[in-house]
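Reader: I have some labels to check against their cut-offs. Shall we go through them one by one?

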Amino acid sequence: MVSVGDPAEIPNLYSFTRKFTKSDFYHVLLFYAKGKPVPTIFATQDENLHRMLRKPISGLYTMSNLLSFEPHVDSTVAFFFAQLDKLFVQTGGVCDLGTWLQMFAFDVMGELTFSKRLGFLQRAEDVDGIMESIWHYFYKTSAVSQIPWVDRLWAKNPVFQRLQAVRMNPIVGFGLARIAERKVAPDTFSDTGSSTNSRDFLSRFLEAQSKDKSIPPWALTAWTTSNITAGSGTTAILLRTTIYSLLSHPATLARLLSELDSLQLSSLPTPVPFKQARTLPYLDACIKEAGRLHPPFGLPLERVVPPGGATVCGRRLARGTVVGMSPWVVHRDTDVFGEDARVWRPERWLDCGDERRRRMEAGLLTITFAEPGCPEWRVENRWFVNQTGLKVRLKRRDGGEVGKA
Ligand code: HEM
């Protein structure tokens with residue numbers, strides 16, 4: 001596998017308009033249920049399957065649509081604080097905040113997807129061993145993903161699968177149970193006591209499925225499982241890194257707190273709405289810096305060079321070559337992020353000119369290109385292309401073309 005470290009190569013390898021396909025690395029990451037693989041948007045290598053799974057729901061992940069999910073996040077934030085107050089503030093007990101942030105992230109994804117938390121915060125424990133099973137899963141698969149033939153020979157071997165006790169992955173199991181409940185009683189009540197919000201992910205997935213009869217029934221499991229697996233660990237890691245880095249660098253925490261004071265919190269609802277929170281430049285810088293310094297994905301996101309080969313960092317790579325970029329390497333590029341790229345310094349996102357900031361943003365593998373329906377646009381051969389592959393050409397009011405802006 002050719003490991004590429006130059007951030008300038010991101011659009012070359014990961015552009016949705018190029019034909020680099022996902023390598024066998026992703027096959028290793030497939031979950032199994034009842035001895036069979038559960039294809040997910042994230043892990044499937046089959047381009048047609050990926051398109052079939054992604055197209056009907058990509059619109060759900062646009063920023064304007066994601067904002068409609070904010071009440072689900074807010075209710076989980078409120079419950080999270082209530083539990084911390086009850087279990088730690090009032091008793092003076094010691095709180096393992098890292099674990100609680102992880103439990104929060106899982107519950108918030110359950111709430112967004114099913115209007116039902118997975119139950120971590122309520123029970124203050126690892127429900128059904130989900131966190132432990134994910135830990136074991138990544139512990140094993142991160143090593144095996146680097147030698148994928150071992151996976152086909154061992155974990156995904158049909159004989160081995162048949163001999164193994166049939167164990168359903170607890171996340172897949174939780175999703176299947178919620179889908180079954182929703183089909184029987186679409187008006188079931190959520191944890192929060194309100195009737196199921198018709199705008200949660202599951203109801204929209206069901207809508208998408210009912211509009212297109214060619215979508216197979218198992219797509220629902222693929223969509224819900226993708227959400228929980230792709231959204232929980234990543235969010236937990238980002239939250240933990242942000243809070244850990246602020247606590248271990250008190251000067252940055254003090255600067256953030258003084259910025260928060262400027263918001264006049266008493267005049268705003270709690271939690272502070274995203275619309276207001278996003279106007280805070282230092283908060284934004286802290287989140288970007290956390291995603292840069294401790295990206296949730298620690299292994300190269302592998303792709304396969306298409307027929308005809310490709311030029312990467314000025315060198316020709318033959319078709320079929322596996323090539324990838326590790327966010328941990330790319331985000332420490334001193335040319336783009338500065339000589340102190342290895343340290344926590346949110347100020348780097350503010351004390352720089354616009355051009356430098358744009359270069360740094362384009363050098364982040366975690367935030368800019370990743371999300372389905374991501375609102376980011378980039379310029380390619382005088383076209384504006386977004387992450388879903390949509391291409392537009394803009395005209396200036398004065399008739400001129402908006403080109404290499
Ligand atoms: C800090 C939080 C997050 C980070 C850093 C992150 C990062 C990423 C990255 C790097 C990829 C591309 C992986 C690859 O091509 O190998 C990805 C894909 C994906 N993410 Fe996220 N993610 C985050 C949160 C979420 C959330 C909250 C959701 C769901 C609501 C989500 C859903 C997905 C899905 C469905 C894909 C697969 C997209 C596709 O292949 O078309 N992610 N994410």
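**Labels and their grounds**

Author: Ser115 is buried, with a relative accessible area of 2%. Bear in mind that this is a predicted model.

Reader: Why is Ser115 called buried?

Author: Buried means under 20% relative accessible area. Ser115 has 2%, so the label applies.

Reader: Where is Ser115, and what is its phi?

Author: Ser115 lies in the loop between α6 (97-114) and α7 (120-123). Its phi is positive, about 60°, although Ser115 is not a glycine.

Reader: Is Asp128 buried or exposed, and how do you know?

Author: Exposed means over 50%. Asp128 has a relative accessibility of 57%, so Asp128 counts as exposed.

Reader: Which loop holds Asp128, and what is its phi?

Author: Asp128 is found between α7 and α8 (130-144). Its phi is near 55°, a positive value in a residue other than glycine.

Reader: What makes the bond from Thr270 to Pro271 cis or trans?

Author: Omega is near -10°, and the peptide bond from Thr270 to Pro271 is cis. Most peptide bonds are trans. Pro271 is in the loop between α14 (250-261) and α15 (274-277).

Reader: Why are α13 and α14 called roughly perpendicular?

Author: The axes of α13 (residues 219-248) and α14 cross at roughly 110°. The class roughly perpendicular covers 65 to 115 degrees. The crossing angle falls in that range, so α13 and α14 are roughly perpendicular to each other. Their axes come within 5 Å.

Reader: Which residues make the contact between α13 and α14?

Author: From α13, Ser245, Leu246, Leu247 and Ser248 take part. From α14, Pro250, Thr252, Leu253 and Leu256 do. By class, this contact has five nonpolar, three polar and no charged residues.

Reader: How do you know that β1 and β8 pair?

Author: Pairing needs at least two bridges. Two bridges join β1 (residues 2-3) to β8 (residues 322-325), so these strands pair. They run parallel. Ser3 stands opposite Gly324 in β8.

Reader: What makes β5 and β8 a pair, and in which sense do they run?

Author: Again, at least two bridges are needed. β5 (residues 301-304) and β8 have four bridges, so they qualify as a pair. Their sense is antiparallel. Here Val304 stands opposite Val322 in β8.

How values were computed: Residues numbered from 1 in each chain as written. Predicted model: local features only at pLDDT ≥ 70, side-chain atom pairs only at ≥ 80, totals over all residues. Heavy atoms only, no water. Buried < 20%, exposed > 50% of the residue type's maximum accessible area, 1.4 Å probe, protein only. Axes fitted to C-alpha atoms, helices over the stretch in contact; angles between N-to-C directions. Parallel < 35°, antiparallel > 145°, perpendicular 65-115°, else oblique. Contact = heavy atoms within 4.5 Å. Nonpolar A, V, L, I, M, F, W, Y, C, P; charged D, E, K, R; others polar.
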